[in-house]
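Hi everyone, thanks for making time. I'd like to walk you through a model today, so please have a look at the sequence and the structure as I put them up.

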Amino acid sequence: MDISIIFRIAAIGIITAIIGQLLKKADKDEIATLVTLTGLIIVLLMVVDLINNLFGILNTLFGLY
């Protein structure tokens, strides 16, 4: 596992938080919520891909079918 994935997740979180705060200050609460949800979905997809890779490695390691 590469440490760059942790930096990517942190960067997405920081960018999402900044954009969300800017939109809330501009009284665009609905769009701020959508931006936050989009950031969450992107990070969850990244984590699901990592878990899929982990199970693939375990499958190869133990020879499961």
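Let me start with Ile-12, which sits in helix α1; helices here are DSSP runs of H or I with at least four residues, numbered from the N terminus. Before I go on, a word on the source: this is a predicted model, where local features need pLDDT of at least 70, side-chain atom pairs count only at pLDDT 80 or more, and totals for chains, interfaces and linings use all residues. Residues are numbered from 1 along each chain as its sequence is written, and side-chain values use heavy atoms, with hydrogens and water left out.

Back to Ile-12. Apart from neighbours within four places in sequence, Ile-12 is in contact (heavy atoms within 4.5 Å) with Gly-39, Ile-42, Val-43 and Met-46. By contrast, take Thr-33, 21 residues along the chain from Ile-12: their C-alpha atoms are 15 Å apart.

Now the helix as a whole. α1 covers residues 4-25, and its 22 residues reach 32 Å from first C-alpha to last, close to the 32 Å expected; that expected span is 1.5 Å times one less than the number of residues.

Which residues of α1 are buried? They are Ile-5, Thr-16, Gly-20 and Leu-23, where buried means under 20% relative accessible area, exposed over 50% and partly exposed in between, with a 1.4 Å probe and protein chains only. They cover an arc of only 65 degrees around the axis, which puts them on the same side of α1; the arc is that of the directions from the helix axis to the C-beta atoms. The face turned away from that buried side carries exposed residues Phe-7, Ile-14, Ile-15, Leu-22 and Lys-25.

Thr-16 counts as buried because its relative accessibility is 14%. Leaving aside neighbours within four places, Thr-16 touches Val-35, Thr-36 and Gly-39.

What covers the buried residues of α1? The cover includes α2, residues 29-62.

On to α2. Its end C-alpha atoms are 49 Å apart, which agrees with the 50 Å that its 34 residues should span. Its buried residues are Ala-32, Gly-39, Val-43 and Met-46, and they pack against α1.

Finally, Phe-62 lies in α2 and is exposed, at 60% relative accessible area. After α2 comes Gly-63, with a positive phi near 70 degrees. Thanks, everyone!

Technical notes:
Helix = DSSP H or I, 4+ residues; strand = E, 2+ residues; numbered from the N terminus.
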